[in-house]
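I opened my notebook to jot down a few things I wanted to look up here. Here is the structure I had on screen.

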Amino acid sequence: MKKVLASALAVAVASLVLTGCGGEEKQIVRISHSQIDTHPDHLGAVAFKNYVESKLGDKFEVSIYPNATLGANEKVLELIKQGSVQYLVVSTANLESFDKMYSLFSIPYLFTSEEAYDKFISDPAILKQLGVNASTDGFEPVAAFTAGTRNFYAKEPIKGVADLQGKKFRVQAGPVNVAMMQAFGAAATPMSFGEVYSALQQSVIDGAENNELALTDQKHGEICKYFTYDMHQMCPDLLVASNAFLSKLTPEERKIFDEAAAEAQKVEFEAWKGSIDAAKKKATEMGVQFINVDVNEFRNKVLPLHEQILNDTPALKPLYDAASAANASV
Ligand code: GCU
C-alpha cells in the first residue's frame, strides 16, 4: 500500500510540468481529498477544475486525487506546505495541530443550528479571520464546504451519555476531540479517516462519530448499526491552498483561482442538500437504526470545555463570540 502511494506521488510530482499538444507547457495543479467521487467535496473539486481550465486551460491542468490516494490529510498537509500538492480539502479538526485558530469548530455545541452554521462558514470574512496566520502556516483557506453535523455511531445503541462510558471511539486528530471524549467519559482513539473501517471491523474501537455519509460512502454502516443524533459538532471541510503555489501566481491568475474556489463552495453546498436524506435511506436499508436522544444531556457534559478552550487560546474569542451570536440569532 505504502509503495503504491509513494509511486503515485512520484508520478504526480514528476508531472509538475507537461507539454501540451501545441508544445506549450502546462502546470499540473493537484487537489487531494479523502472522499469517494460521488461526495459533495468531490463535486466541489470538479467545479474548481472546470472553472480554472475554462479560464486558464492553456496554462494549468487540474488533477483531482480522491479517496486519500495521495495519503491521509494529515500527511498531505506536509506536501501542501512543501508545495508539491497545491490544494487539499481537509476538516478543520486536522488543521488544529498546525494552527489553534482552527480548533474553533471542534468546540462541541458551538452551533446547535445547522442553518446558522452554514451561513457562518460561507461568509468570506469568517474564512479570512480563521486564516489570519496563513503566511506562517504555509497554507491559506480559500473556501469552506459544509460537512453536516457530527454524531456518534456504534455497534451498540447509544441512548444517553451513560452508554458512552468506557467505550473507545475514533475521533479526528486534534486535541479538542480528545478532551471532548474525556468529558463524555469515553476514550478517544484518533486515527485518519481511511483507517476507521478496519479498526471497527477488528474491534480496535467500539464506534466513531461523523455525519451520515460515513455510514454509506465509507461503509461504516456495515458494522455499526446504531447512529445517535447527539449533534456534538459541526466541523467544515476547508479547501486550503499551498502558499508556495499561491505566491507564484500573477494577480490575474490568483483572481481566477479564487473565483474557482468560490464556485466550488457553491457547488458543494448545493450537492450537500439531499445527500443526507439519500444516505439515511441507504443506511436504513443496510440495517442502521437512527436514534434520537436528549441532546441537552450530552451538551451539559461538555459545556465546561468552552471556557477551557478559550482560556487556552484567547485568540479564538472574537470568532467564538461571532459564532455564538450567529447561532443565537436563528
Ligand atoms: C468527514 C469530513 C472529512 C473528514 C472525516 C473524518 O467525512 O468531511 O473531511 O476527514 O469526516 O472524520 O476524518
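My entries below cover a helix pair, the cysteines and a glutamine in a strand.

**Entry 1: the helix pair.** A reminder to myself: this is a predicted model. I began with helix H8 (residues 175-184) and helix H14 (residues 295-302), and found them packed at an angle of about 115°. Their axes lie 8 Å apart, and the crossing is right-handed. I then asked which residues of H8 and H14 meet. From H8 I noted Met180, Ala183 and Phe184, and across from them Phe298, Lys301 and Val302 of H14. Sorting the residues of this contact by type, I got five nonpolar, no polar and one charged.

**Entry 2: the cysteines.** How many disulfides does the count come to? I got zero. Cys224 has 0% relative accessibility, so I wrote it down as buried. Cys235 comes out at 2%, so it counts as buried too.

**Entry 3: Gln233.** I found Gln233 in strand E10 (residues 226-233). Its relative accessible area is 2%, so Gln233 is buried. What is it in contact with, leaving aside neighbours within four places in sequence? My list for Gln233 reads Phe105, Ser106, Pro108, Gly148, Thr149, Arg150, Asn177, Met180 and Glu209. I had already written down Met180 among the H8 residues that meet H14.

Technical notes: Residues numbered from 1 in each chain as written. Predicted model: local features only at pLDDT ≥ 70, side-chain atom pairs only at ≥ 80, totals over all residues. Heavy atoms only, no water. Axes fitted to C-alpha atoms, helices over the stretch in contact; angles between N-to-C directions. Helix = DSSP H or I, 4+ residues; strand = E, 2+ residues; numbered from the N terminus. Left-handed = near helix turned anticlockwise from the far one by under 90°. Contact = heavy atoms within 4.5 Å. Nonpolar A, V, L, I, M, F, W, Y, C, P; charged D, E, K, R; others polar. Disulfide = S-S within 2.5 Å. Buried < 20%, exposed > 50% of the residue type's maximum accessible area, 1.4 Å probe, protein only.
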